[in-house]
Amino acid sequence: MANEIDFDEILSKYRSDPFDYVEVCATHTGIVRFRVGEGDAVEAPSGEWQQIPGTVLYQITRERNPKLVAARTNGVVSEIRSELEGQFVEAGEKLMIIRHPLKKKEIIENILKEVLYLFRAPERAKYYFALDVQSRIEKKGAKAVTIEAGEEVLTMSLMKRDTPIYYTGEGGVIHSVYFTPGVSVNQGDPLLGICAPEKLPLIQKIIIRVKADWDSEQGFSA
Amino acid sequence: MVTTMEAWESGRGGIDVTAAEVSRQRHIEDRSRRQAWAAAEVESILRYGAFVGSAIECHPVLDRAMERARMHIAAMEQAGRSVYNGTVILADRLHRSKGRFDRTWHAPAGGLWGCLLHVNTLLPQSRNLISLAVGVACCEAVREVGIAAELRWVNDVLVEGRKVAGFLIESFFSPRYREEYNLIGFGINVNNRQFPHELLDTALSLTEVLGRPLDISAFARLFLAKLSFALGLLYYEEERGLHDGDGWGEDGHRLLRCWRELSTTVGRRVIFGFDVMKVPQYEATVSGISGSGGLVMVLDDGCEKTEYSGEIRYI
């Protein structure tokens with residue numbers, strides 16, 4: 001967790017390049033057939049329940065079982081490894097990069113992620129707060145709730161099997177909650193952003209500064 | 001003095017099941033399964049599932065069977081002893097039983113209430129099917145006593161549209177060695193006939209359907225033998241999947257086949273929610289069950305969505 005932050009440097013970075021570059025990797029082994037090309041615009045899943053799939057990026061076939069893989073984020077295909085077309089790839093092989101335009105909220109979150117300790121999802125599943133933590137949050141609000149390493153903080157629910165999730169990072173207050181109960185979280189995505197209580201002013205400063213820059217310059221991106 | 005009603009409510013007295021009896025029931029299960037499955041497969045599956053009921057505790061009353069399981073694991077570790085994988089804790093009554101989230105579970109005398117301790121030695125893709133396996137075992141046991149039961153995703157066992165059983169599966173990491181257990185809690189309405197007001201329209205017991213009480217210990221043995229097969233099948237299919245490559249081929253996972261044969265969920269109009277009682281989310285029509293047990297639904301806009309966690313109610 002960074003103690004100091006060079007606002008000018010970070011903000012200038014986002015001003016000049018207000019994008020995230022999202023790597024798309026093979027979900028599993030198989031033969032790849034691309035469904036998009038470089039420069040193509042792609043859409044993220046949409047609909048009230050995220051039921052409308054994103055743009056199909058590629059098809060991967062394993063043991064005569066073809067699977068279409070759709071974009072999880074919107075943007076433009078900025079790089080594609082077209083030499084892999086029709087080739088067998090290993091799981092995790094990088095296939096393309098999507099350039100995703102950042103919104104103000106995402107820029108703030110990205111900067112905060114550099115100063116918060118991120119507690120990430122161990123598996124793709126749905127998560128909810130452990131009863132004790134939930135009741136403390138309801139009484140005092142998340143930012144007033146401190147959690148410590150080893151504390152049962154969340155419950156992971158998958159196929160009606162509930163697994164207690166014990167916090168493993170530095171102790172601190174729950175500054176950011178990145179999950180919504182009832183909505184699946186992908187493995188490795190952040191669930192919570194935790195910070196030491198003494199760092200709360202720094203966090204607040206980041207939010208105010210980015211908002212001020214955004215408002216005065218009418219945003220970083222389209 | 002035990003009244004007629006109390007005797008009725010509790011069937012033939014308190015539950016009394018031993019590991020040896022469950023083992024004998026497994027032999028009966030073995031013979032019965034061979035009518036539809038290859039003998040070598042049945043033998044292998046039941047050998048894998050033989051851990052179920054390796055030790056059995058019967059209590060007249062407990063607060064919660066899951067809590068007792070956690071205490072048992074902790075006490076065994078503290079004493080430097082190993083926990084028997086497959087230990088079953090049964091109680092005639094539970095005082096503080098609970099369902100998922102903050103739901104209460106009514107567990108008076110007459111029901112089959114308990115918890116199975118399973119040392120988690122399954123691969124993640126098999127572990128995700130434990131919930132389905134427990135539902136299959138219970139549904140098969142209920143059918144075997146002559147009741148037309150069906151499964152509603154994930155593992156609700158329904159008779160005449162009302163729920164006769166509920167399951168709660170929680171992971172637990174032992175305090176000293178951090179070994180991971182699956183605590184498989186089960187509650188089956190066998191001879192209990194009285195339900196809290198809020199459950200009157202949705203719960204049902206087997207004795208109400210049959211019009212007579214069941215021998216609860218015999219039913220417990222039957223359920224545990226079925227559970228031996230269903231959990232053994234997870235291991236057997238895991239071995240088959242690893243042997244044949246990465247998956248189960250066109251036949252699919254056989255536990256899912258068993259589940260589909262017992263279920264009426266596919267094709268039904270449902271309302272889905274993570275906690276469907278409190279926060280129903282959307283309506284859809286179930287189009288299938290995915291290869292990993294997920295519920296595949298078609299929403300009203302024609303889009304397909306697969307859920308791996310949550311609950312449904314039929315509309």
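**Figure 1. Strands β10 (residues 126–129) and β12 of chain A run antiparallel and are joined by four bridges.** Helices (H or I, at least four residues) and strands (E, at least two) are DSSP runs numbered from the N terminus, and two strands pair if DSSP finds at least two bridges between them. The model is predicted: local features need pLDDT of at least 70, side-chain atom pairs count only at pLDDT 80 or more, and totals for chains, interfaces and linings use all residues. Residues are numbered from 1 along each chain as its sequence is written, while chains are lettered from A and ligands numbered from 1 in the order in which they are written. Two residues lie between the strands of the β12(A)–β13(A) hairpin, in which A:Met159 takes a positive phi near 50°. Because six of the seven residues of β12(A) (residues 152–158) are buried, this strand is largely enclosed by the rest of the structure. Here a residue is buried if 20 or more other C-beta atoms lie within 10 Å of its own, exposed if 12 or fewer, and partly exposed in between, with C-beta atoms placed from the backbone.

**Figure 2. The contact between chains A and B takes 18 residues from chain A and 20 residues from chain B.** Two residues are in contact if their C-beta atoms, placed from the backbone, lie within 7 Å. On the side of chain A that touches chain B, β12 and β13 of chain A each supply at least two residues. β13(A) gives the most to this side, with four residues.

**Figure 3. Strand β14 (residues 172–177) of chain A has pairings with β11(A) and β15(A).** Strand β11 (residues 146–147) of chain A pairs with β14(A) in the antiparallel sense over two bridges. The bridge partner of A:Thr146 in β14(A) is A:Val173. Strand β15 (residues 190–195) of chain A runs antiparallel to β14(A), to which four bridges join it. In β15(A), A:Val173 has A:Cys195 as its bridge partner.

**Figure 4. An open sheet of four strands in chain A has the order β1-β8-β6-β3, with antiparallel pairing.** β1 (19–25) and β3 (41–42) of chain A stand at the edges with a single partner strand each, so one side of each is left without a neighbour in the sheet. Two bridges hold the antiparallel pair of β3(A) and strand β6 (residues 75–80) of chain A. Within this pair, A:Ala41 stands opposite A:Val76 in β6(A). The domain assignment, which is automatic or from a database, divides chain A into domain 1 (19–101) and domain 2 (104–217).

**Figure 5. The buried residues of helix α3 (residues 39–48) of chain B include B:Val42, B:Ile45, B:Leu46 and B:Tyr48.** Seen down the axis of α3(B), the buried residues fall within an arc of 155°, taken over the directions from the helix axis to the C-beta atoms, so they line one face of the helix. They pack against α2 (19–33) and α8 of chain B. The exposed residues B:Ala39 and B:Ala40 are carried on the face of α3(B) turned away from its buried side.

**Figure 6. The largest nonpolar core has 109 residues.** A nonpolar core is a set of buried Ala, Val, Leu, Ile, Met, Phe, Trp, Tyr and Cys residues joined through C-beta atoms within 7 Å. B:Ala133, B:Val136, B:Cys138, B:Phe223 and B:Leu255 touch the most other members of the largest core. Helix α8 (residues 216–244) of chain B gives the most to this core, with 14 residues. Another core, apart from it, has 14 residues, among them A:Val32, A:Phe34, A:Leu57 and A:Ile80. Not counting residues up to four places away in sequence, B:Val136 touches B:Ala230, B:Leu255, B:Cys258, B:Trp259 and B:Leu262.

**Figure 7. Chain B is divided into domain 1 (4–244) and domain 2 (265–314).** Seven residues from domain 1 of chain B and seven residues from domain 2 of chain B take part in their contact. The C-alpha centres of these two domains lie 26 Å apart. Chain B contains nine helices and twelve strands, and buried residues make up 44% of its 315 residues.
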